[in-house]
Amino acid sequence: MRNEKYKNSKEIKAKRQNYIFSESRAITLISLVITIVLLIILAGLAISLSMGENGLFSKTKYAKEKYLNAQSSEEQQLNELYEELGILGDLPKNTPDTKPGTLVEIPDKWNKYTPAYISNESKEEVVKSKKVASVYAVAVGEGKEVPIPYGFYYVGGNLDSGVVISDNKLDQNKYKDETEVPNGIEVKEGKFVDILKGNQFVFIPCKENEYKKSGSQGNIAGASNCYWGTEVSTAELAQVERYGGFYVARYEAGLPTSQDGFSGDEAFTSALLTPSNSLSSTSSQYNSAKTPISKAGREPWNFVDYNNSWASAKKMYNTNSVKSGLITGTQWDVMINKIASADSSKSLTDSKTWGNYYTGEAFTYNGRVAEYKTSDTKLYGYESIKQNEVKENKTYRLLTTGGSEHNKAYNLYDVAGNLWEWTEESAAYFNSIGTLQTNRIMRGGCFHDVSTDFPACFRYGHASTTNTYYDVGFREVLYIM
């Protein structure tokens, strides 16, 4: 009996061990299956991440295709530009015998070297450096060339008389054999007709050591304790260092009005269309940010404060090649010094021989004038277009832009007189109650000033930046990227 019990006990123990072994083996098999399933899932995920629509290989392939497409697109755009400009093959080197208006080989200094990137997620891997340029070169005589930003075209002039460019291809080489470029309009049957179709700018050549402010703080009206800003922005210096100069608008900013051929949402309705209309200095009729015009025969944009002048100047251009802005104090000084060095008859301290002032030489004009009346201190609307009309000495007459060859210097118009012009230059001074006040400086004098008191070099820093004036406008400049 005892042996029987022992025997049964051994059998039970054996069965239990077999059961435990079977159970352990079952668990191991289940774990293995789960592990295999997990590995399959992970492998699937890895393949999906690598090969799927958003996978690593797909992204790498997409990035490569995107880079090649961008490169192809850039080359296509460059080819289209060259085709538009008539560039076939390699451009010739510029020589003293090269005719003005000829497209020539670009100086290496005008090129820029920029890294090209694969557009992967990190966007950090540099593929190569590419040589690019924001300009092309045009000969202007005597073996010299000027940088022309993409989207602009050489019109005429040289570095001694002033190189003129336009943003309209129809103006290309219009006056390539002329040193003096006309204002670009003519009067037919009492109406303006644009000969030059685009907005125009003049290149101001300048060496790096010449790019600085001139004059003294005493040039600010009535303030012995007034200090004008001495800062020069890196954007100004960069283009002078690379391109040897900068572009300034050929005319005072023109009011974007519909009757001047400007269409769309950027147009104003002219408040001074007829002589019977009038505006006072407090008017805010034109005081907003819109896109100005740099053409002859336009109403100069007055009644605009500093802030909107600055914003409007920036609206004119904003591309990869060129941006626009409000003229700075340094740019003004360099511009007028170039005018004086190019023509010794253009005095910077008495600008009556080349400006529109109350006192000064009588001159003829073609265009319209608005009259200022001291009786009510208002500016009255523009007369009809006149030809060879005489503007007498001691008369208050505001001219449309580029209205007289008398007011031309270095192929620029109305730098002296006509309207004061806002600049980015700041002026800090202590006012009557001893508080330090900061304003922006205006330059150039205006149509109701005395030429010896407010010549082209004069700094006026007492005008509030938020006020509008009948005798203040602005002028744009270009920044080549």
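Author: Histidine 406 touches Lys352, Thr353, Trp354, Gly355, Glu361 and Phe363, leaving out residues up to four places away in sequence. This is a predicted model. One of those partners, glutamate 361, also makes a polar contact with histidine 406. That contact runs between the two side chains and spans 3.2 Å. Histidine 406 itself sits in a loop. The loop runs between strand 19 (397-399) and strand 20 (408-409). Is histidine 406 buried or exposed? Its relative accessible area is 17%. The cut-off for buried is under 20%, so histidine 406 counts as buried.

Next, another loop residue. Aspartate 160 lies between strand 6 (153-156) and strand 7 (163-166). Setting aside neighbours within four places in sequence, aspartate 160 is in contact with Glu142, Ala342 and Tyr410. Proline 205 is 45 residues away from aspartate 160 along the chain. Their C-alpha atoms are separated by 9.5 Å.

Now the aromatic rings. The protein has 22 aromatic pairs. Take tryptophan 110 and tyrosine 243: their ring centres are 6.3 Å apart. The planes meet at 55°, so this pair is tilted. Tryptophan 110 belongs to the loop between strand 1 (103-104) and strand 2 (112-117). Tyrosine 243 belongs to helix 3 (residues 234-243). The pair therefore ties together parts that are 133 residues apart in sequence. Tryptophan 110 and tyrosine 243 are both buried.

Phenylalanine 201 and tyrosine 317 make another pair, with ring centres 5.9 Å apart. Here the planes stand at 65°, so the pair is edge-to-face. Phenylalanine 201 is in strand 10 (residues 200-205). Tyrosine 317 is in the loop between helix 4 (306-315) and strand 14 (322-326). This pair therefore links parts that are 116 residues apart in sequence. Both phenylalanine 201 and tyrosine 317 are buried.

Which strand does it join? Strand 14 is joined to strand 26 (residues 476-480) by 5 bridges. The two strands run antiparallel. Within this pairing, serine 324 stands opposite leucine 478 of strand 26.

Back to the rings. Phe268, Tyr286, Trp301, Phe303 and Phe474 form one aromatic cluster. A charged residue meets this cluster at phenylalanine 268. Lysine 290 lies over the face of that ring, at 5.0 Å from its centre. Elsewhere, lysine 373 places its charged end over the ring of tyrosine 380. The distance to that ring centre is 4.3 Å.

Finally, the whole chain. The protein has 481 residues, and 46% of them count as buried. Its secondary structure comes to 5 helices and 26 strands. Consider contacts between residues at least 6 apart in sequence. Of these, 66% join residues at least 24 apart. The accessible surface is about 24000 Å². Carbon and sulfur atoms account for 52% of that surface.

Note on methods
Residues numbered from 1 in each chain as written. Predicted model: local features only at pLDDT ≥ 70, side-chain atom pairs only at ≥ 80, totals over all residues. Heavy atoms only, no water. Phe/Tyr/Trp six-rings, centres within 6.5 Å; stacked < 30°, edge-to-face > 60°. Helix = DSSP H or I, 4+ residues; strand = E, 2+ residues; numbered from the N terminus. Buried < 20%, exposed > 50% of the residue type's maximum accessible area, 1.4 Å probe, protein only. Lys NZ or Arg CZ within 6 Å of the ring centre and 35° of its normal. Contact = heavy atoms within 4.5 Å. Areas by Shrake-Rupley, 256 points an atom, 1.4 Å probe, with all protein chains shown as cover. Polar contact = N/O pair within 3.5 Å; in protein donor to acceptor, adjacent residues only side chain to side chain. Pairing = 2+ DSSP bridges.
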